[in-house]
Amino acid sequence: MDLISKHNIVHRYEKRKLLIAVNCVAGLAIFFFGYDQGMMGSVNVSIDYGAYVMKYGHIDQEANAPQVVVDDSLLQGGIVSNSNPLLFAEELMRSRSRGCSFVNDGYSPFVWRFPIAFQIIPLLFLLAIVWFFPESPRWLVKVGREAEARYILGRLRGEDEYGLAEAEFQDIRNVAELEKKSGKLNSYFHMFWDVFPKSMGGGSSGKLHLGRRVQLVIWLQILQEWIGIAGVTIYANDIFNQAGYSVFKSRWIAGINDVFYMFSTLIAVFTLDRLGRRVTLYWGCVVMGISMFLAGGFSRLAQDNPNKAAQYGAAGAAFTFIFTAGFGATWLTVPWLYPAEIFPLQVRAKGNAWGVVGWSIGNGWTVLLLPTMFKNISEKTFYVFGACNAISIPIVWAFYPESNQRTLEEMDLLFAADSWWNWDAERTFARLKEENPDLVQAAQRHRSVVSGTEVGLPSVRKGSRGMSLVPGGEGDKGSPDGSDDNNEKEQVN
């Protein structure tokens, strides 16, 4: 392949080795984002930055070690909010740059300037090696470089799976063609507005119900933040300090908690597909909800019983560890995985983007409110998080269909019901799957998921009743918005 540089690793490695190399680069990016979050956690509590540069607090000289006491909680909340990166990987490895705190007893600007400057090192390394890695096949197809895309897919899948690589290439090309033809209906605005009735300009996706899926991923991300992870992550130092540990020891314990957080994500590797998405969210809410209520209770006991503050504080700190591990094993993964599983191919990237919008809303909302909440209701903030965990269980049960072990065709059938209720979606899915068995077997036979003749989302193939889930597709001869009466009769009821 002369079109790709001879130094590109795609010529040297294939299949598993190539995937490992690409994942290593992705891991480096994750490391940087994780470092950035931990770095801002260190910067925000440094004396020079908090008391002299940003001036949102004063120095408490009576504490067992000098520390910044926040006076302007709104300003500090905004700073913390802006410090959170835009992808979930940033919460995966929250590295803490606490090692500079010994310089001039923590008063030196070096304490916060060095960690900020140090982050350029992994970025420079990433900039140096990224040129030797292949481009995304999907991007290559979009810009018309199909030969390169086909070659890279072939190297990723290997010569022994050439047929699968070719089918994947055809899917990508068909989806790219579909995006050009139906880009307006699949725009971010149309996806969001699709949830409204046709009388208000919505419903453009027909029985695909893209607007409903957008709302589900947005609110799942908002719930992810309100179940308590933002409070535990950002205020870990205060929680452990209240447990009776010194300022410096609290920071080290908070770092250990983050390490447990990282390793807890491995639990999802072994449980996520076995239990499914819904059950994973259920047991995560149970563990985290109980932990939040108990952490808040022990925190109150520590305040009311100063002579036993160390014992009660240690118990509260222990449940903080349990909460963090429970989150890493459950809610850290599912809200990011769910959008990739429920959206059709041609809008999957945009569906994931709507998930990030939900995360940004939830994260910014909670982080801006947290300083005020902790200041005014103190440990009762943990009760709010515990209540959010309890509320999340019936919400997931009622509105979020199970996506585990279901193909893209099956997901379209799953969301074909006009009702938002999960039980109606499952009932409609079972009926349509029984009536149209050919529709849900393409992926199992390693054939193209997107029909090359239809160039779009899969309509029901030969042997079906001629209905289509796609406005304007086979069996849908009406207007693109599905307003034709004949069109309505041919679509899924």
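What is the mean pLDDT of the chain? The mean is 76, and 71% of the residues reach 70 or more; pLDDT is the predictor's confidence in each residue, from 0 to 100. This is a predicted model, in which local features need pLDDT of at least 70 and side-chain atom pairs count only at pLDDT 80 or more, while totals for chains, interfaces and linings use all residues. Residues are numbered from 1 along each chain as its sequence is written, and side-chain values use heavy atoms, with hydrogens and water left out.

Confidence is highest in helix α17 (residues 380-399), at a mean of 95, and lowest in helix α20 (residues 485-490), at 39. Helices are DSSP runs of H or I with at least four residues, numbered from the N terminus. Over residues 76-99, pLDDT stays under 50. Where pLDDT is low, the predicted coordinates should not be read in detail.

The largest nonpolar core has 51 residues. Such a core is a set of buried (under 20% relative accessible area, 1.4 Å probe, protein chains only) Ala, Val, Leu, Ile, Met, Phe, Trp, Tyr and Cys residues joined through side-chain atoms within 4.5 Å. Helix α10 (residues 210-234) gives the largest share of this core, 13 residues. Ile 342 is among the residues with the most contacts inside the core. Leaving aside residues up to four places away in sequence, Ile 342 touches Arg 213, Val 217, Ser 403, Met 411 and Phe 415, where contact means heavy atoms within 4.5 Å.

Phe 114 is found in helix α4.

Technical notes:
Buried < 20%, exposed > 50% of the residue type's maximum accessible area, 1.4 Å probe, protein only. Helix = DSSP H or I, 4+ residues; strand = E, 2+ residues; numbered from the N terminus.
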